[in-house]
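Trainee: Could we take a close look at one part of this model together? I would like to know where it sits and what surrounds it.

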Amino acid sequence: ILYLILTHNAAGWTTEAIQSLYAQGIENFEVVIVDDASTDATSDVLRPFLKDSRIRYFRFHTNQGIGRSLPFGLDQVRGEFICCLGGDDSLGPGHTECIMQLFSQYPEASIATTRLKTVGSNGEDRPDAQIAALCPDLPEYLDGASALKLALQHNIVAGPGACLRAGITRRILPFFGSSWQFCNDWFLNILHFSTGFGIASSKETTVRYRVHGESLSRRADLGAIRAAEIRLAPLAGLR
């Protein structure tokens, strides 16, 4: 499995994110970190971890946005599964084991996911910041056609901690594009389901999704762009 960490100015939380990967208790893993031109101490925080040959670090010199950092990171994958998270998120113990069990049980799943809880800057619970777009009542397995029908209405996958089947991701990556700032994961999910492969999901809560003042989704100055992308993502998927 490959853990893909996309980060920008998250130095205060990146150590927790990486340590949560080691805590998964597996040896056969790789980490790709894509740093989107952080201006904080991210590179200094990461330096001790780079002694581990399983961790690869890429840094953009100018801010490219997640629309470019995500496909770049996905293109680095050499393994069979990709687990995506931000530099300010973290995985709970047993997350990877749960995901791998889902993929084993449902070989026609292109995506496997668990539930997440939102936390604040200092790790405090933030139930007021739950992601409203997500569908909390998915069955354990939803076939591709049904998943696509739902995904064309709204996002049904919790982004952080979601795991992709890399062979399918490689097939759809040329259609992904790089212009999305907010709906990149939603559009990526639509493309996965368009192949006919579905989604497996667990009701276990194994992901900590951090919401704070610097979160992209909290930037009021980009509200119009976010609203436009929410309307455009299903149309782009239909096209």
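Mentor: Gladly! Let us begin with a term for how open a residue is: buried means under 20% relative accessible area, exposed over 50%, and partly exposed in between, with a 1.4 Å probe and protein chains only. Phe58 has 22% relative accessibility, so it counts as partly exposed. Please keep in mind that this is a predicted model, where local features need pLDDT of at least 70 and side-chain atom pairs count only at pLDDT 80 or more, while totals for chains, interfaces and linings use all residues. Residues are numbered from 1 along each chain as its sequence is written, and side-chain values use heavy atoms, with hydrogens and water left out.

Now for the partner of Phe58. Rings of Phe, Tyr and Trp (its six-membered ring) pair if their centres lie within 6.5 Å; planes under 30 degrees apart count as stacked, over 60 as edge-to-face and the rest as tilted. That rule gives seven aromatic pairs. In one of them, Phe58 and Phe72 have ring centres 5.3 Å apart and planes at 80 degrees, so this pair is edge-to-face. The two residues are 14 residues apart and link distant parts of the chain: Phe58 belongs to strand β3 (residues 55-59) and Phe72 to helix α3 (residues 66-74). Here helices (H or I, at least four residues) and strands (E, at least two) are DSSP runs, numbered from the N terminus. Phe72, at 28% relative accessibility, is partly exposed too.

Stay with helix α3 for a moment, where you will also find Ser69. With a relative accessible area of 2%, Ser69 is buried. Setting aside neighbours within four places in sequence, Ser69 is in contact (heavy atoms within 4.5 Å) with Leu6, Val34 and Phe60.

Let us follow some of those contacts' surroundings along the chain. Asn9 has a phi near 55 degrees, a positive value in a residue other than glycine, and its 27% relative accessibility makes it partly exposed. Ala37 lies in another loop, between β2 (30-35) and α2 (42-46). Ala37 is not a glycine either, yet its phi is positive, about 60 degrees; with a relative accessible area of 9%, Ala37 is buried. For background, most residues other than glycine have a negative phi.

Finally, back to the rings: Tyr3, Tyr22 and Phe29 form one aromatic cluster.
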